[in-house]
Amino acid sequence: MKFHVRHGSVAALAAACLLASACSGGQSADARGGERAGGGAFVVDAKGCPPDATEALPDGAPIKIGMSMALSGPLAAIGAPNADGFKAALAAANAGGGVDGHKIELVLKDDAYDAARATANAQEFIGKDKVMASILAISDASISATRPLYEQACVPQLGSISAHEDSSDPVKHAWTTVAIPPAAAEAAAGVKYLAKTVPHGKVMEFRQQATIGEDWAASFPRAAKAAGLSLLDVQTISPTATNLDAQAAKLTASGADAVVGELAGAQCIPMMQSLAKAGFKGVVLVTSACNGAKQNMMPIGKAADGVASLFFQKDPSVASAKDDPGLKQYFSDLATYMPHTDPTVTMTLNGYTAAELLIQNLRDAAKMDGGLTRVNLIDAAWSAKIRRTEFLEPDQSMNGDKDPYIINYVAVQTWDAVGQTWKPTGISNTWDGRH
């Protein structure tokens, strides 16, 4: 199968994405897809790429990685820890000699969780900064707005944070990879849990009017109905809402057996507080965006007891984490290279594990014919194999269009407010990686 490049105005397309928010999941005018080579490996179509995309990095030159992150604005509490965790992993790798004689240099810019600023940052990364790749783009708006720029320049957009299935599509958008499972993977695990705890029960969704809610809306209702659950009227939540008392009152009055919080960020705690105030006694299930115990469970005490959440990564904030062999290197590197950063913040671990994967991708690319080039880096990313012990399922891999997700395993755990720990439920889901 062949994929042909269509040339157009990248800047105009990016602007259109920003204004219409219509490019998420669609193929850009400059998208370069990939195909299976003779040996079965997935390779990205590099025809039409600028010459420097296949030029090896000069000996001793730094590997520049661009990160456009919300260091201010509504998601500053998420952005800064991600950057700090990333820096710690890079510092550890550089202390060990870097990658193939190259030190890794982070070019960090603030986008305040704004797609327009993320686009301006991407233009600088590609232009004056001359990065080898970008990393950890957050939000579908920013990803879809900047993606045409990276595709046209043949600069890998790695480890993006998006639960939208179309965000990881090597056929349509081969220069972009994601770092988390799709919402459908979490939704499937959540439905299994609800079907067991409240079989044929009535379920109400608290759906945030933002990316995470939209992604869950595309998968959860279908899976829930197939499992015999009854869905009540969805309670839509504004991304800026700070009080969910009205929705909690409707939930209690409805006689629902369970509620699913399709929320993220600062709304996790208000939701559980409002449920407690309304006297809701049913099952509460929240997404992985709410699973950090230190940030979301411990602050509200008994009100969080029994809350179920989706997990693919371990929680560094519970007491047992310090004794977890799989987290030992993480805590050591944070103490050595970022001693003023709190390692128990979940987002710090997110940044660290994103850097781990990037470093493995770089090492794999350096061993390929032609050496450390941008084209080799994206091909290495789509064929990644890595063991990351910070995850519930440490052995991870990607295989292009056959398996475009580095993380496929999602499990359900419940919060024990007395023991201050998460308890496994034995319920999980392994995503098959196909769209």
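Biologist: Which residues in helix 3 meet helix 4?
Modeller: First, keep in mind that this is a predicted model. In helix 3 they are A115, A118, T119, A122, Q123, F125 and I126. On the helix 4 side they meet A141, S142, A145, T146, L149, Y150 and A153.

Biologist: And what classes do the residues of that contact divide into?
Modeller: Ten of the residues between helix 3 and helix 4 are nonpolar and four are polar, with no charged ones.

Biologist: At what angle do the axes of helix 3 and helix 4 cross?
Modeller: Roughly 20 degrees, and the axes come within 8 Å. Angles under 35 degrees count as roughly parallel, so helix 3 and helix 4 are roughly parallel to each other. The crossing of these two is right-handed.

Biologist: OK, new pair. How do helix 2 and helix 12 cross?
Modeller: Helix 2 covers residues 76-95, and its axis crosses that of helix 12 at roughly 40 degrees, coming within 6 Å. That angle makes helix 2 oblique to helix 12. Here too you'd be looking at a right-handed crossing.

Biologist: Which residues meet there?
Modeller: From helix 2 you have I78, P81, N82, G85, F86, A88, A89, L90 and A93. Their partners in helix 12 are M347, T348, N350, G351, Y352, A354, A355, L358 and I359. By class, this contact has 13 nonpolar residues, five polar ones and no charged ones.

Biologist: What about helix 12 and helix 13, at what angle do they pack?
Modeller: About 120 degrees, with the axes 8 Å apart; helix 12 is residues 346-366 and helix 13 is residues 374-382. So helix 12 is oblique to helix 13. The handedness of their crossing is right-handed.

Biologist: Which residues make that contact?
Modeller: N361, L362, D364 and A365 do it for helix 12, and N376, L377, A380 and A381 for helix 13. Five of the residues in this contact are nonpolar, two are polar and one is charged.

Methods:
Residues are numbered from 1 along each chain as its sequence is written. This is a predicted model: local features need pLDDT of at least 70, side-chain atom pairs count only at pLDDT 80 or more; totals for chains, interfaces and linings use all residues. Side-chain values use heavy atoms; hydrogens and water are left out. Axes are lines fitted to C-alpha atoms, for helices over the stretch in contact, and angles run from 0 to 180 degrees between N-to-C directions. Helices (H or I, at least four residues) and strands (E, at least two) are DSSP runs, numbered from the N terminus. Angles under 35 degrees count as roughly parallel, over 145 as roughly antiparallel, 65 to 115 as roughly perpendicular and the rest as oblique. A crossing is left-handed if the near helix is turned anticlockwise from the far one by less than a right angle, and right-handed if clockwise. Contact means heavy atoms within 4.5 Å. Ala, Val, Leu, Ile, Met, Phe, Trp, Tyr, Cys and Pro count as nonpolar, Asp, Glu, Lys and Arg as charged, and the others, Gly among them, as polar.
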